[in-house]
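These are my notebook entries on a structure that I looked through chain by chain. I wrote down what I looked up in the order in which I looked.

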Amino acid sequence: MTAVRTPTLAAVKLVFKRDLTLAWRRWDEVTQPLIFYVVVTTMFPLATTPDLSALSKIGGGVVWVAALLASLLALEALFRADVEDGTTEQWVLSGQPLGYLLLAKVAAHWVLTGLPLVIMSPIVGTGLGLPTSAWGVLMLSLLLGTGTLSILGGIGAALTVGVRRGSVLLSLLVLPLAMPLLIFGARAVAMQMDGDSPAGPLQLLAAIFFLALSLGPLAMSAAIRISVEN
Amino acid sequence: MDLQSFFNMGGYAQYVWPAYGLTALVLLWNWWAARRSETEAQTAAQRRNELARERST
Amino acid sequence: MWTWFHKLASPPHAYRILGNLAPWFGWASLALILVASWWGLVKAPADYQQGDGFRILYVHAPSAWMSMFAYVVMAVAAGVGLVWRIKLAHAAAAAVAPIGASFTFLALATGSIWGKPMWGTWWVWDARLTSELLLLFLYLGYMALRASFDDPQRADRASAVLALVGVINVPIIHYSVDWWTTLHQPASVTKLDKPSIQIAMLIPLFIMIAGFQLYFGWAVSRRLRGEILRRERNANWLKEAS
């Protein structure tokens, strides 16, 4: 073999950049989950009570649920275009580790949907009565949580890529798997507000994130191969 | 031990019997569904075979 | 060893063996379940705290056990099918899923019925019930994914990946739910956890679990035979058989 293969890291960077550029051109797809996020969190005070001190008891949980739903929203189409136009097939044949290329796509997706949610969360949280002292923990927990969720969602999106009406199915597959994130994330925020140390649940979130980071690419590439092969 | 007190279950009859009844129901459903899954596949396979045989003669 | 394994995993062989095994499983499970029901409902002494209400344990605990056992069996079968590309393993995973889901539902329903006299409400966000509910969601997701593919091979492999991701997640879910409930509930509501169990109370429980296991074996055998026939409908051995 004399053909020169692109180093894996360079390939991963290329995929990452490409996806960011593509998303830049379809800006509405990036903003939609964000608007959804704000709209959903607005519904809770309207449905329950405008009293901020009462809202603050469930505020962390509400922000977390809304963030989970919003970041799932855009995931369905994550791999679809690339599978349909044959890009992923080229990746499979390229000899590059498919899992890392897919992870690069997920990372780009996270930068475009997960990260804005994290940045928006203090503003949304304020409306739900979360004190400024809880902002740091809220953002840190969401940072770890949306990262894990993007990987879990990436697995779900890879599995449902060839399926009609995939978006409901995707939520059905991914949300049960994301429950531990919700438990630890919302609890971390609540513990901070109660004056306890949130270090425990945050460390657990980090542990789950690294577990997802190490096993996720494996599952994603296995799932994508199913729809690309045969 | 008389029947009356057996059915009464020490006052817990309205919980114990539905729980056992539901268990029986789920077990029966499994029995029925598994049987049906097998026999349906068997009759379908048989029909295919008969059709194939008719076609060959 | 490997030739033996491959022979066993060949569809006609498995079809025949399962057909021979199923009646044994069936009758043995019927006998054990009847004995355990009689023992649990009549012979076992009533619990000093929960009275006769604790007898629900004899159907709740075995179904909860089976719901997790079935998930592990399903995931192992899926993994074997994915790694060694054994079709029979995928068929087994497909056969196990609805049975496991039905046991999960049963564990939830009986747990809720049991909760009513013990807690005063039909539903409490207790660690075990919540884990069981999430397990039901996992089963439903698995079956929904499997049902949404037209091509059975793709359905097999995609759902196998999901089953493996799920089985890694099950302990995490279990742990997180445990942690969550201990934070929210005072320890006094754990009456359901340990009714001071005596040996006389445990014997019928073990008989019932054994009966449920055999019943599971019976139901899987029957369903698996159906799966094999559906998947092998163009194979030659089927034409010769009938």
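The entries below go from the chain contacts to a helix pair, a core and a tryptophan.

**Entry 1: ground rules.** I noted that this is a predicted model, in which local features need pLDDT of at least 70 and side-chain atom pairs count only at pLDDT 80 or more, while totals for chains, interfaces and linings use all residues. Residues are numbered from 1 along each chain as its sequence is written, and chains are lettered from A and ligands numbered from 1 in the order in which they are written.

**Entry 2: chain C by itself.** I looked up the secondary structure of chain C and found 8 helices and 0 strands, where helices are DSSP runs of H or I with at least four residues, strands are runs of E with at least two, and both are numbered from the N terminus. Of the 242 residues of chain C, 49% count as buried, a word that requires 20 or more other C-beta atoms within 10 Å of the residue's own, whereas exposed requires 12 or fewer and partly exposed lies in between, with C-beta atoms placed from the backbone.

**Entry 3: which chains touch.** Which pair of chains has the most contacts? Among the 2 pairs that touch, I found the most contacts between chains B and C, taking two residues as in contact if their C-beta atoms, placed from the backbone, lie within 7 Å. Chain A and chain B are joined by no contact, and their closest C-alpha atoms lie 24 Å apart.

**Entry 4: chain C against chain B.** This contact takes 30 residues from chain C and 29 residues from chain B. On the side of chain C, at least two residues each come from α4 (87-119), α7 and α8 (236-241), and α4(C) gives the most, with 10 residues. I sorted this side of chain C into 15 nonpolar, 6 polar and 9 charged residues, counting Ala, Val, Leu, Ile, Met, Phe, Trp, Tyr, Cys and Pro as nonpolar, Asp, Glu, Lys and Arg as charged, and the others, Gly among them, as polar.

**Entry 5: a helix pair across that contact.** I then followed helix α2 (residues 13-56) of chain B, which packs with helix α7 (residues 199-231) of chain C at an angle of about 25°, their axes 8 Å apart. The axes are lines fitted to C-alpha atoms, for helices over the stretch in contact, and angles run from 0 to 180 degrees between N-to-C directions. The two helices are therefore roughly parallel, a label for angles under 35 degrees. Among the residues that make the contact are L27(B) and A45(B) of α2(B), and Y215(C) and R230(C) of α7(C).

**Entry 6: chain C against chain A.** Here 24 residues of chain C are in contact with 20 residues of chain A. The largest share of the chain C side, 15 residues, comes from α6(C), and by class that side has 17 nonpolar, 5 polar and 2 charged residues.

**Entry 7: the core.** The largest nonpolar core has 160 residues, and those touching the most other members include A158(A), M74(C) and A93(C); such a core is a set of buried Ala, Val, Leu, Ile, Met, Phe, Trp, Tyr and Cys residues joined through C-beta atoms within 7 Å. Its largest share, 19 residues, comes from α4(C).

**Entry 8: a tryptophan.** Is W24(A) buried or exposed? I found that W24(A) counts as exposed because it has 10 C-beta neighbours inside 10 Å, and I placed W24(A) in helix α1 (residues 8-25) of chain A.

Methods
Angles under 35 degrees count as roughly parallel, over 145 as roughly antiparallel, 65 to 115 as roughly perpendicular and the rest as oblique.
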